[in-house]
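Take a look at the model below.

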Amino acid sequence: MLREYLRFESFWRNARMLAARDDRLLLVSQLARTAERLMGALFGLNRHYLPTPDGLKWMDESIAAMPIAPDALAQRLRKIFESPLGGAV
């Protein structure tokens, strides 16, 4: 799972450029894919199976059940999508 989910497709190089261009749709899509990949990697580290085929229902509950996870991860992920584009990157 880690090998699969830890490929972030040159996120940092593209994200700053998209934020500077105010390319909202593409940047938000890239941020969502990156958050999904992070969650997939954490499921792998914690030896949890993805709860559904899309794997991302019940984010708060899933993160709370993970012994290995960054502090305040659910709040931090939510904040990404509430922040101005440059701040989200």
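Is D60 buried, partly exposed or exposed? D60 is partly exposed, because its relative accessibility is 38%. The classes are set by relative accessible area: buried is under 20%, exposed is over 50%, and partly exposed is in between, with a 1.4 Å probe and protein chains only.

This is a predicted model, where local features need pLDDT of at least 70, side-chain atom pairs count only at pLDDT 80 or more, and totals for chains, interfaces and linings use all residues. Residues are numbered from 1 along each chain as its sequence is written, and side-chain values use heavy atoms, with hydrogens and water left out.

Back to D60. Its side chain meets that of R78 in a salt bridge, at 2.6 Å from N to O. The pair links distant parts of the chain: R78 sits in helix 5, D60 in helix 4, and 18 residues separate them. A salt bridge here is a side-chain nitrogen of Lys or Arg within 4 Å of a carboxyl oxygen of Asp or Glu. R78 is also partly exposed, at 34% relative accessibility.

The structure holds 4 salt bridges. One of them joins E4 and R7, with the closest N and O atoms 3.1 Å apart. E4 is partly exposed at 43%, and R7 is partly exposed at 47%. Another pairs D23 with R21 at 3.3 Å between the closest N and O atoms.

The side chain of R37 reaches the backbone oxygen of E4 at 2.4 Å. R37 belongs to helix 3. R37 is buried, because its relative accessible area is 15%.

Now the fold. The protein has 6 helices and 0 strands. Helices (H or I, at least four residues) and strands (E, at least two) are DSSP runs, numbered from the N terminus. Of the 89 residues, 33% count as buried. Residues 24 or more positions apart account for 54% of the contacts with a separation of 6 or more. A contact means heavy atoms within 4.5 Å.

Next, the surface. L2, L6, L45 and I68 form a nonpolar patch with about 330 Å² of accessible area together. Patches are made of residues with over 30% relative accessible area and no salt bridge; like charges are joined within 9 Å, nonpolar side chains (Val, Leu, Ile, Met, Phe, Trp, Tyr) within 5 Å. Accessible areas come from the Shrake-Rupley method with a 1.4 Å probe, and for residues only the protein chains shown count as cover. L2 lies in helix 1 (residues 2–5). L2 counts as partly exposed, at 32% relative accessibility.

Finally, the backbone. Most residues other than glycine have a negative phi. D22 has a positive phi, near 55 degrees. D22 is in the loop between helix 2 (11–20) and helix 3 (24–45). Phi of R47 is also positive, near 55 degrees. R47 lies in the loop between helix 3 and helix 4 (59–64). R47 is exposed, with a relative accessible area of 75%.

Note on methods: Polar contact = N/O pair within 3.5 Å; in protein donor to acceptor, adjacent residues only side chain to side chain.
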